Amino acid sequence: MAQPSRRRRRPSGGSRPAGWSRRFAATFIDYTIIGLLSTAVYELFFSTVYVTRDKQIVLGPNRSDLVTIAFGIAVFVIELVYFGWFEGRKKGQSLGKRALRIAVRDGSSGRAIGFQRAFLRRLAFFPDLPVIG
């Protein structure tokens with residue numbers, strides 16, 4: 001009797017799943033971009049402008065709990081839109097994935113997963129964040 005193959009099955013699209021190192025590097029690039037976008041949003045909308053005694057204008061952090069919650073929601077939305085938009089397009093690649101020439105594909109058809117599935121896919125990552133972060 002023949003032994004079952006231990007090799008991973010390739011999706012019908014013909015491509016092989018990317019390795020963990022390439023996935024990690026793409027994720028690192030993507031979250032660096034999201035971090036830069038989040039910082040810009042924070043500085044534009046959530047910082048407080050202070051005027052010092054010598055009349056210099058200084059941009060500083062706002063320590064309000066409400067601002068912290070609003071900023072957290074803004075980062076959540078930025079991430080959902082970023083991954084939903086890029087991974088839902090025809091190429092199925094975020095900027096990090098594009099740099100490393102990997103893509104998110106449907107396992108059975110090999111096609112891009114579309115905006116709705118990309119959005120829901122990213123939404124499924126959020127329960128893991130408290131464990132990782």
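Modeller: What follows is a set of questions and answers on this structure.

Modeller: This is a predicted model, where local features need pLDDT of at least 70 and side-chain atom pairs count only at pLDDT 80 or more, while totals for chains, interfaces and linings use all residues. Residues are numbered from 1 along each chain as its sequence is written, and side-chain values use heavy atoms, with hydrogens and water left out.

Biologist: What pattern does the protein chain follow along the sequence?

Modeller: Helices (H or I, at least four residues) and strands (E, at least two) are DSSP runs, numbered from the N terminus. The protein chain has 5 helices and 2 strands. Read along the sequence, the pattern is α-β-β-α-α-α-α.

Biologist: What percentage of the 133 residues of the protein chain counts as buried?

Modeller: Buried means under 20% relative accessible area, exposed means over 50%, and partly exposed lies in between (1.4 Å probe, protein chains only). The protein chain has 133 residues. Of these, the buried part is 24%.

Biologist: How many Å apart are the end C-alpha atoms of helix 1?

Modeller: The expected span of a helix is 1.5 Å times one less than its number of residues. Helix 1 has 27 residues, so it should span 39 Å. The distance in the model agrees with that: 36 Å.

Biologist: How far does helix 2 reach from its first C-alpha to its last?

Modeller: Helix 2 covers residues 65–88, which is 24 residues. At 1.5 Å a residue, 34 Å is expected. Its reach is close to that, at 34 Å.

Biologist: Which helices do the buried residues of helix 2 pack against?

Modeller: The buried residues of helix 2 include Val67, Ala74, Ile78 and Tyr82. Contact means heavy atoms within 4.5 Å. The packing partners are helix 1 (20–46), helix 3 (95–99) and helix 4 (114–123).

Biologist: Which residues does Ile78 touch, not counting residues up to four places away in sequence?

Modeller: Ile78 lies in helix 2. Its relative accessible area is 18%, so Ile78 is buried. Ile78 touches Ile34, Leu37, Ser38 and Val41.

Biologist: Is the ring pair of Tyr82 and Phe83 stacked or edge-to-face?

Modeller: Rings of Phe, Tyr and Trp (its six-membered ring) pair if their centres lie within 6.5 Å; planes under 30 degrees apart count as stacked, over 60 as edge-to-face and the rest as tilted. By this rule there are 5 aromatic pairs. The rings of Tyr82 and Phe83 have centres 5.1 Å apart and planes at 90°, so the pair is edge-to-face.

Biologist: And is the ring pair of Trp85 and Phe115 stacked or edge-to-face?

Modeller: This pair links distant parts of the chain, with Trp85 in helix 2 and Phe115 in helix 4. The ring centres of Trp85 and Phe115 are 5.5 Å apart. Their planes are at 25°, so the pair is stacked.

Biologist: Is Trp85 buried or partly exposed?

Modeller: Leaving aside neighbours within four places in sequence, Trp85 is in contact with Leu80 and Phe115. The relative accessible area of Trp85 is 45%. Therefore Trp85 is partly exposed.

Biologist: Which residues do ring pairs link into a cluster?

Modeller: Tyr82 and Phe83 are both buried. They belong to a cluster linked by ring pairs. The cluster is made of Tyr31, Tyr82, Phe83 and Phe86.

Biologist: How far from the centre of the ring of Phe83 is the charged end of Arg122?

Modeller: A charge sits over a ring if NZ of Lys or CZ of Arg is within 6 Å of the ring centre and within 35 degrees of the ring normal. The charged end of Arg122 sits over the ring of Phe125, 4.1 Å from its centre. It also sits over the ring of Phe83, at 3.6 Å.

Biologist: Which residue's backbone nitrogen does the side chain of Asp106 reach?

Modeller: Asp106 is in the loop between helix 3 and helix 4. Its relative accessible area is 12%, so Asp106 is buried. Leaving aside neighbours within four places in sequence, Asp106 is in contact with Arg111, Ile113 and Arg117. At 2.8 Å, its side chain reaches the backbone nitrogen of Ser109.

Notes
Polar contact = N/O pair within 3.5 Å; in protein donor to acceptor, adjacent residues only side chain to side chain.
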